[in-house]
Structures are given as structure tokens and as C-alpha cells.
Amino acid sequence: MKRILITGGPGMLGTALVREWTGRAILFPVGITQFDLRDAAAVGDAVRRLAPQWIIHTAAFTAVDLAESSVEECTAVNDRGTAHVAVAAAACGANLVYVSTDYVFDGTKGAPYREDDPTNPINVYGRTKLAGEAHARGVPGHLVVRTQGLFSRGGKSFVSAILGAATAGRAISVVDDVTTGVTFAEDLAHGIRLLVEAGATGTYHVSNTGAVVWADFARAVLDEAGRADVPVARTSAAATGRAAKRPPFSALDGAKYAATVGAPMPAWRDALRRCLKDPAARTGA
Ligand SMILES: NC(=O)c1ccc[n+]([C@@H]2O[C@H](COP(=O)([O-])OP(=O)(O)OC[C@H]3O[C@@H](n4cnc5c(N)ncnc54)[C@H](OP(=O)(O)O)[C@@H]3O)[C@@H](O)[C@H]2O)c1
């Protein structure tokens, strides 16, 4: 069995990856307490000691708005932290999967982004994740997986936030001028395993199939959860006053993924239904 180190083990994607690989690999899911990305020596020591054949690097500074006022912290984790992981992976001969984001694009293309489209991040988080991609590409056998709009069962995700607000009777207001793709963390974890098993290298776009406006996604979450009674007010990105700009259209084109593994990612509505079968997701816990 492969030895796989998963950074960000307790995070949304890390948790799904552990579920996906359990029984199929020897897993070392590490959180910030055992493995602080900012500490090159600690990262190098842990990788040498655990001797993984693969590192799946999901850990990141993911607070997109906070990143605008925390440039140094975000850079230390997403840019330099990824460099530490890449150097350690190369030194022990491990392959590296780096999880990146649609926010490497500016959102002006007006059609789903392909892997070779020019990047042009418009916020701090996107710039630091793009810098991380460059470090990952320095590792022989690297795989850069760009994804977007992750949601999961329970925990901290858009789906649980919407359902939590509905349960608490709070007003729900969501942007209707930003189009994205969304991704069930379990489907992404499965997609990453299929790519690894197919021996894929290079850059891949992996998200559930289909573009969606955020307000429509919120509507779908409530409808699928049996809360058609709860209204979704529609607002604009400008009106939210959020610190970080978002690309207005950042759906990712999954054709390369589908050609490599032999099937496209599941459609987002189907993924949402499967997510909501879990009681934790339904209650917004
Ligand atoms: N969420 C999305 O919509 C989305 C979209 C596109 C791409 N991505 C990318 O997908 C990956 C997984 O995202 P996610 O939503 O699963 O993230 P998440 O739930 O926020 O988890 C991130 C993990 O990184 C850890 N971490 C943060 N700073 C660290 C440090 N200095 N050293 C070590 N670990 C650190 C966190 O630990 P603590 O919990 O202790 O802070 C957490 O376990 C990330 O690389 C992200 O950039 C996410």
C-alpha cells in the first residue's frame, strides 16, 4: 500500500481524503500542531520521518477576505509554506498533489476555464495560491488540482451555513452576479484518487459539473433540504462590501479530467443531493 501524507488532515478536504483512502493506503493526516507549514525544518523533519510516497497538500490559509489584511501570514502559509512542502517532497522522492483554486483566474473569460488559460489572480489568496502552484511544479511527478466552491457534510461550508441560517431563522442574502462551480469534498477526494491511480501529472481542473450562480446554489440547498419555505434575497458582490474581490465567472472546464479518468465529475445538483443525505448537512450542524 502507498504511504500518503495528507496536509490539512483535519480540514474539509483533508477529512474527505482520509475517508476516501482509508483501507487503500497507509495514511498520515497531519494538522497544524504536528506540521506547521511555516516551519521549514519541522516540515522537512516530518516528511523524512514519515517517508511518504505521496504528499497530498491541502493545508492552506483559506480565509479569502481576511487574507487582504493578512498578506504576510497568507504568503507565509500558501506561498512559502508550499515551497517547504515541495522541497521536502523532492528531497525524499515523494510525488506531490497540490490543491489549488479557481481564484488564480480573473473571471473575465466568460466561459469555463481550461488548464492552460492564462492566470491573473485578483486577490491576495489567489496570488499566494498561484505562487504555491509554481513551487509544486518544481517537484517531479507533481499534480496540481484546481478546484472551487467546496462543500461538505456538516463542518464549516456554504451548505451548512445556509442550512444553519435557515434553522436559526436568520435572513439569507446571497450574491447573484458571481458564477462559480461547486464541489462536494467527497467527490473531489474520489477524483484525486482516480487521478493518482491513473498516473496523471500536470494540472487538472476538478469540480462538480455545471456552472451555477451563488444565489441559485443557495436556493437549491434549501429546496433539496425540504426548506422551500425559506426565501433567498439576491444581492450583488459590490453590496456585500467584502474585502476580497471575486472573479465574476470562474467555472472550471473538467474535460481534461474526464478524458483522463474515463468519466466526468458528477453534476453539482446530484452531488448536493448526496451531501444532504447526511444528517449533519441537513441540520446545518
Ligand atoms: N474551500 C473552498 O471552497 C476551496 C476552493 C478552492 C480551493 N480550495 C483549496 O482546497 C484546499 C482545502 O481547502 P479546505 O476548504 O478543505 O480548507 P480548510 O477546511 O480551511 O482546511 C485547511 C487546513 O489547513 C490547515 N492549516 C492552516 N494553516 C496551516 C499551517 N500554517 N500549517 C499547517 N496547516 C495549516 C488548517 O488547520 P487549522 O484548522 O488548525 O487552522 C486546516 O486543517 C486548500 O488548499 C484550499 O486553498 C478550497
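## Ground rules

Residues are numbered from 1 along each chain, as its sequence is written. Because the model is predicted, local features need pLDDT of at least 70 and side-chain atom pairs count only at pLDDT 80 or more, while totals for chains, interfaces and linings use all residues.

## The overall picture

The protein chain holds 12 helices and 12 strands; these are DSSP runs numbered from the N terminus, with helices being H or I of at least four residues and strands E of at least two. Its radius of gyration, taken over C-alpha atoms, is 18 Å, close to the 19 Å that the globule rule gives for 285 residues, so the chain is as compact as a globular protein of that length. That rule is 2.2 Å times the number of residues to the power 0.38. Along the principal axes, the C-alpha atoms fill a box of roughly 55 × 40 × 40 Å.

Of the 285 residues, 49% count as buried, meaning that 20 or more other C-beta atoms, placed from the backbone, lie within 10 Å of the residue's own. Among contacts (C-beta atoms within 7 Å, placed from the backbone) between residues at least 6 apart in sequence, 79% join residues at least 24 apart.

## Strands side by side

Let's follow the pairing, which requires at least two DSSP bridges between two strands. Strand 1 (residues 2-7) runs parallel to strand 2 over 6 bridges, with K2 opposite A25. Strand 1 also pairs with strand 3 (residues 54-57) in the parallel sense, through 4 bridges; here I4 has W54 as its bridge partner. Strand 3 in turn pairs with strand 4 over 4 bridges, again parallel, and H57 stands opposite Y98.

Strand 2 (residues 25-30) has 5 of its 6 residues buried, so it is largely enclosed by the rest of the structure.

## Helix 6

In helix 6 (residues 158-168), the buried residues include V159, S160, I162, L163 and A166. They cover an arc of only 160° around the axis, which puts them on the same side of the helix; the arc is that of the directions from the helix axis to the C-beta atoms. After helix 6 comes G169, with a positive phi near 75°.

## Around the ligand

The ligand is surrounded by 26 residues, the closest being G8, G11, M12, A59 and A60; a residue counts if its C-beta atom, placed from the backbone, lies within 6 Å. Helix 1 (12-21), helix 4 (71-92) and strand 4 (95-101) each give two or more residues to this shell, and helix 1 gives the most, with 3.

Methods: Buried ≥ 20, exposed ≤ 12 C-beta atoms within 10 Å, placed from the backbone. Contact = placed C-beta atoms within 7 Å.
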